[in-house]
Amino acid sequence: MSPSRHRGRLPHEFDHRHGDVSGGWLRAATFGAMDGLVSNTALIAGVGAAADADAVVIGGFAGLAAGAFSMALGEYTSVQTANEQIESEVRVERRAIRMYPKAEQAELAKSLQEIGLSRETAERATTEIHRDEDTAVNVHLVQEIGVDPEETPSPYVAAIASFLTFSVGALIPLIPYLLGFTLLWLGLASGALGLAVVGAVASRFTRKPLWFASLRQLVLGMLAVAATYAVGTLVGSVVT
């Protein structure tokens with residue numbers, strides 16, 4: 001980056017900006033896309049091992065709809081439950097600060113000393129922090145359980161992100177069938193390509209090497225697909 005683009009910024013800002021790791025959307029979106037790709041590619045493999053193309057398409061879209069709604073509801077419930085647990089901890093900490101202010105201040109001062117502050121600085125910081133109850137509650141929870149109650153993810157964002165990305169991921173292995181092709185290997189190849197792309201996109205946020213992230217997602221996904229294909233073949237041979 002040229003020096004002119006550094007103007008107006010802090011010296012380290014151009015390479016020291018952090019991504020949003022608390023909003024909940026990235027985890028939900030990545031999990032949704034991966035789950036959609038893996039589960040529907042595997043479903044297509046299992047069905048296609050013993051049935052015709054029409055059955056594959058019907059099963060694929062049924063898996064897309066069922067999985068997308070299941071993912072969205074699951075994400076909403078899990079994130080909302082986690083947030084409610086944090087709200088409960090906020091009430092516990094607020095009550096403790098009101099009932100035992102001196103003990104809570106001593107506890108915070110001790111924890112600040114444990115991370116490197118001198119006794120005098122820790123006590124002075126604790127006094128400043130406890131001037132505002134909300135600030136005190138937040139700092140205590142960060143120090144005690146590693147959670148900032150002001151940085152909780154949105155269950156709605158998580159649900160929508162997982163629904164949309166699962167749907168897109170689940171649609172990818174069906175693309176060859178929608179274009180008129182009926183060969184199972186084309187659907188599996190489309191799913192494999194989608195896995196590699198999702199891994200590459202995820203590496204943009206995790207800063208892992210692109211090749212590593214793509215290969216990891218591809219290998220893990222294809223293991224699930226291969227296992228499901230084997231099950232479909234076995235069941236098909238027994239039923240027929």
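Helices, in the sense used on this tour, are DSSP runs of at least four residues, numbered from the N terminus. The model on screen is a predicted one.

Begin by selecting helix H8, residues 184-206, and find Phe 205, which lies in that helix. With a relative accessible area of 38%, Phe 205 is partly exposed. Now extend the selection to Trp 25, Val 157, Leu 193, Val 197 and Val 201, which together with Phe 205 form a nonpolar patch on the surface, with about 530 Å² of accessible area together. Helix H8 supplies the largest share of this patch, namely four residues.

If residues up to four places away in sequence are set aside, Thr 126 touches Gln 105, Leu 108, Ala 109 and Leu 112.

Staying in helix H4, show the side chains of Arg 119 and Glu 123, which are four residues apart and therefore separated by about one helical turn. These two form a salt bridge whose closest N and O atoms are 3.1 Å apart; Arg 119 counts as exposed at 54% relative accessibility, whereas Glu 123 counts as partly exposed at 39%.

Finally, select Asp 134 and Arg 94, whose salt bridge has its closest N and O atoms 2.9 Å apart. This pair links distant parts of the chain, since Asp 134 sits in helix H5 (residues 133-145) and Arg 94 in helix H2 (residues 53-99), 40 residues apart. Asp 134 itself is partly exposed, with a relative accessible area of 42%.

Conventions: Residues numbered from 1 in each chain as written. Predicted model: local features only at pLDDT ≥ 70, side-chain atom pairs only at ≥ 80, totals over all residues. Heavy atoms only, no water. Patch = residues over 30% accessible without salt bridge, like charges linked within 9 Å, V, L, I, M, F, W, Y side chains within 5 Å. Areas by Shrake-Rupley, 256 points an atom, 1.4 Å probe, with all protein chains shown as cover. Salt bridge = Lys/Arg side-chain N within 4 Å of Asp/Glu carboxyl O. Helix = DSSP H or I, 4+ residues; strand = E, 2+ residues; numbered from the N terminus. Buried < 20%, exposed > 50% of the residue type's maximum accessible area, 1.4 Å probe, protein only. Contact = heavy atoms within 4.5 Å.
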